[in-house]
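Here are my notes on the side-chain contacts and the pocket. Please read them beside the model.

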Amino acid sequence: MSRPNRRTRRFISPALTFRTILVVTLAFTLSTALRSQVRQHFPRRDYASLQFRDALWIGTDRGLYEYRSKENTWSVRTSENGLLSSVITVLAADENTLWIGHDRGVTLYDLGSNTILTYDTSDGIPGGKVLSLAFEADYVWVGTEQGAARYDKLIEEWQTIGPA
């Protein structure tokens with residue numbers, strides 16, 4: 001004789017349920033903690049660089065680094081020793097001059113005479129971070145977050161270029 005088909009119910013104790021939830025939670029927490037120790041996420045860093053006059057120039061948010069491979073030497077320039085700002089956004093070179101774009105203006109570093117000139121909004125450069133530098137005959141163009149300006153190398157003056 002066969003038994004009638006009964007549905008059996010299992011009793012799960014509250015202590016067993018609590019232990020199961022605790023183990024799963026601990027396993028998840030530990031796996032997340034272990035993963036965060038292995039993976040390192042750094043903010044995106046784009047550095048301007050330029051090979052100019054036997055040196056590699058690297059502009060960072062902490063200054064301008066110069067590497068001379070023949071001598072195997074590094075040097076750094078910051079706002080403490082002549083630059084307008086230690087935050088470098090763009091580098092360009094024209095003849096003997098290294099043009100350095102910053103977060104708030106431009107520095108000209110004449111390598112022939114070893115002199116530094118700085119220009120900011122008080123000289124006619126639109127505010128904001130310098131995004132680009134370009135050369136055209138006797139002019140240097142500067143593009144910033146808030147507009148453009150043109151430097152006339154013959155008369156050594158800036159002209160702000162408006163929206164018109």
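1. The count of salt bridges comes to 3. The rule is a side-chain nitrogen of Lys or Arg within 4 Å of a carboxyl oxygen of Asp or Glu. This is a predicted model, where local features need pLDDT of at least 70 and side-chain atom pairs count only at pLDDT 80 or more, while totals for chains, interfaces and linings use all residues. Residues are numbered from 1 along each chain as its sequence is written, and side-chain values use heavy atoms, with hydrogens and water left out.

2. Start with Glu66. Its side chain meets that of Arg68 in a salt bridge, 2.9 Å from N to O. Arg68 is partly exposed, at 27% relative accessible area. Glu66 counts as buried, at 4% relative accessibility. The cut-offs are under 20% relative accessible area for buried, over 50% for exposed, and partly exposed in between (1.4 Å probe, protein chains only).

3. Glu66 also forms a salt bridge with Arg77, at 3.0 Å from N to O. Arg77 lies in strand 4 (residues 73–77) and Glu66 in strand 3 (residues 63–68), so the pair ties together parts 11 residues apart in sequence. Strands (E, at least two residues) are DSSP runs, numbered from the N terminus. Both Arg77 and Glu66 are buried.

4. Which side chain does Asp94 meet in a salt bridge? The partner is Lys153, at 2.4 Å from N to O. This pair links distant parts of the chain, 59 residues apart. Asp94 sits in strand 5 (residues 88–94), and Lys153 in the loop between strand 11 (147–152) and strand 12 (157–161). Asp94 counts as buried, at 16% relative accessibility. Lys153 is partly exposed, at 23%.

5. On to the rings. The whole structure holds 7 aromatic pairs. Trp99 and Tyr151 make an edge-to-face pair, 5.6 Å centre to centre with 65° between the planes. They too link distant parts of the chain: Trp99 is in strand 6 (residues 97–102) and Tyr151 in strand 11, 52 residues apart. Both Trp99 and Tyr151 are buried. Rings of Phe, Tyr and Trp (its six-membered ring) pair if their centres lie within 6.5 Å; planes under 30 degrees apart count as stacked, over 60 as edge-to-face and the rest as tilted.

6. Tyr151 has another ring partner, Trp158. The centres are 4.9 Å apart and the planes at 45°, so this pair is tilted. Tyr151 and Trp158 are buried. Ring pairs link Trp99, Tyr119, Phe135, Tyr151 and Trp158 into a cluster.

7. A pocket is an open set of points on a 1 Å grid over the protein atoms alone, where a 1.4 Å probe fits, with protein on both sides within 12 Å along at least five of seven lines; lining residues have an atom within 4 Å of a point. The lining includes Asp94, Trp99, Tyr151 and Lys153.

8. Which strands each supply at least two residues of that lining? They are strand 6, strand 7 (106–110) and strand 8 (115–119). Strand 7 gives the largest share, 3 residues.

Terms used: Helix = DSSP H or I, 4+ residues; strand = E, 2+ residues; numbered from the N terminus.
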